[in-house]
Amino acid sequence: MSESRLDTSLISPKNVLKKQQLLQDLLVLLRAKIAEYPATHNLKGCNEFLLYVTKVVENSVVKKQKIDKKQLVLDVFKILFNLQPPELLVLDASIEFLHSNGLISKVKVVKKFVGFLKKKLNYLL
């Protein structure tokens, strides 16, 4: 069967491949975000950046994907900042703190809808 006859758009990655694809997408997004800041090394310990990353993961991972969001955040930080095991333990405790205090939340549907409408209106103008 020739390459031109294969339609791979109907086949989507699952399980480990889906997790790796999501991890790579997050890394691309976060590297671009980090490049906006003058001192990237300071973001490693920044709680506000950690909250941003956890919210991005919370809003991008669907429950049916069965991906451990906390582990995904730890993997992202480990790759981005080359964290060692003691630093990962501190990061793990920080994520637990954010979660237990209800600081990690999904973007509300109304806010998503308003953003969608703004994009459509900008496109029409």
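Tutor: In this predicted model, the chain has a radius of gyration of 18 Å, whereas a compact globule of 125 residues would have one near 14 Å. Along the principal axes, the C-alpha atoms fill a box of roughly 50 × 45 × 30 Å. The chain contains five helices and zero strands, and buried residues make up 23% of its 125 residues.

Against that background, the largest nonpolar core comprises 27 residues, and those with the most contacts inside it are Phe49, Leu72, Phe77, Phe81 and Leu91. At least two residues of this core come from each of helix 1 (15–35), helix 2 (47–60), helix 3 (69–81) and helix 4 (85–100), and helix 3 gives the most, with seven residues. Leu91, when residues up to four places away in sequence are not counted, touches Leu50, Leu74, Phe77 and Leu83. For the chain as a whole, 66% of the contacts with a separation of 6 or more are between residues 24 or more positions apart.

Nonpolar side chains also occur on the surface, where Phe113, Phe116 and Leu117 form a patch with about 300 Å² of accessible area together. Leu117 lies in helix 5 (residues 109–124) and is partly exposed, because its relative accessible area of 37% falls between the 20% limit for buried and the 50% limit for exposed. The accessible surface of the chain comes to about 9700 Å², and 60% of this surface belongs to carbon and sulfur atoms.

Key
Residues are numbered from 1 along each chain as its sequence is written. This is a predicted model: local features need pLDDT of at least 70, side-chain atom pairs count only at pLDDT 80 or more; totals for chains, interfaces and linings use all residues. Side-chain values use heavy atoms; hydrogens and water are left out. A nonpolar core is a set of buried Ala, Val, Leu, Ile, Met, Phe, Trp, Tyr and Cys residues joined through side-chain atoms within 4.5 Å. Buried means under 20% relative accessible area, exposed over 50%, partly exposed in between (1.4 Å probe, protein chains only). Helices (H or I, at least four residues) and strands (E, at least two) are DSSP runs, numbered from the N terminus. Contact means heavy atoms within 4.5 Å. Patches are made of residues with over 30% relative accessible area and no salt bridge: like charges are joined within 9 Å, nonpolar side chains (Val, Leu, Ile, Met, Phe, Trp, Tyr) within 5 Å. Accessible areas come from the Shrake-Rupley method with a 1.4 Å probe; for residues, only the protein chains shown count as cover. A salt bridge is a side-chain nitrogen of Lys or Arg within 4 Å of a carboxyl oxygen of Asp or Glu. The radius of gyration is taken over C-alpha atoms; the globule rule is 2.2 Å times the number of residues to the power 0.38.
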